[in-house]
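Please keep the sequence and the coordinates in view while reading.

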Amino acid sequence: MLLTKQGLQKAFIYGLISGLFLAVFLKMVEKITQLKVYTLLLNIDYIPYINTFVFPELIEVGFHLIVSIALAIGLYLSLVYKNIFSRTKIIFLCIFVCFFIGLMLFPTTMFSDKTPQFTSIPSFSYWIVGHVMYGYIIGVLFARYLAPK
């Protein structure tokens, strides 16, 4: 399959859907458990200059969705470039990439006193579960579009 405008549009939508799911999931976890995992998702304390501003929650969610859409487009480009069209391989790759991203982003919690402690196993667990579910959702969406019927 070749890179297409329709594929990029789908990637945009899939990034939006998956990103909204992750935000809602982590917000519910935070509300129920008081673990600041949603706060971590929206946290920008580690980004110079931008961290000097205070943004409303809706804008912070918008930042998260921009990253999610960019990730989805990157995944789409990778899948097409590497000719990965097997349903199982698409889902596995998306879960793996999102797990890895969650693993790499969790340490940013050390740069803020508003987010969970780096040593919080429950926070880390919910964070990773959320990112794995994100990967599964985006993987299933891509598999429905890219894998042969």
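Cys94 has a relative accessibility of 0% and therefore counts as buried, a class that covers values under 20% relative accessible area, with exposed meaning over 50% and partly exposed lying in between (1.4 Å probe, protein chains only). Cys98, at 1% relative accessibility, counts as buried too. The model is a predicted one, in which local features need pLDDT of at least 70 and side-chain atom pairs count only at pLDDT 80 or more, while totals for chains, interfaces and linings use all residues. Residues are numbered from 1 along each chain as its sequence is written, and side-chain values use heavy atoms, with hydrogens and water left out.

A disulfide is defined as a pair of cysteine sulfur atoms within 2.5 Å. By this rule the count is zero disulfides, and Cys94 takes part in none.

Both cysteines belong to a helix-helix contact, that of helix 3 with helix 4. Helices here are DSSP runs (H or I, at least four residues), numbered from the N terminus. Two packed helices are described by the angle between their axes and the distance between the axes. The axes of helix 3 (residues 57-81) and helix 4 (residues 87-105) come within 11 Å and cross at roughly 140 degrees; such axes are lines fitted to C-alpha atoms over the stretch in contact, and angles run from 0 to 180 degrees between N-to-C directions. The two helices are therefore oblique to each other, given that angles under 35 degrees count as roughly parallel, over 145 as roughly antiparallel, 65 to 115 as roughly perpendicular and the rest as oblique. Helix 3 passes helix 4 in a right-handed crossing, meaning that the near helix is turned clockwise from the far one by less than a right angle. Helix 3 contributes Leu71, Leu75 and Leu79 to the contact, and helix 4 contributes Ile90, Leu93, Cys94, Val97, Cys98 and Ile101, where contact means heavy atoms within 4.5 Å. By class, this contact holds nine nonpolar, no polar and no charged residues. Ala, Val, Leu, Ile, Met, Phe, Trp, Tyr, Cys and Pro count as nonpolar, Asp, Glu, Lys and Arg as charged, and the others, Gly among them, as polar.

Helix 1 (residues 5-33) and helix 5 pack at an angle of about 155 degrees, with their axes 9 Å apart, and are therefore roughly antiparallel. The residues of their contact divide into 18 nonpolar, eight polar and one charged.

Tyr134 is situated in helix 5 (residues 121-146) and, at 4% relative accessibility, counts as buried. Among the residues that Tyr134 touches, not counting those up to four places away in sequence, are Phe21, Leu71 and Cys98. Phe21 and Tyr134 are separated by 113 residues in sequence, yet their C-alpha atoms are 7.1 Å apart.

Most residues other than glycine have a negative phi. Tyr49, in the loop between helix 2 (37-42) and helix 3, has a positive phi of about 70 degrees although it is not a glycine; its 60% relative accessibility makes it exposed. Asn83, in the loop between helix 3 and helix 4, has a positive phi near 55 degrees and is exposed at 53%.
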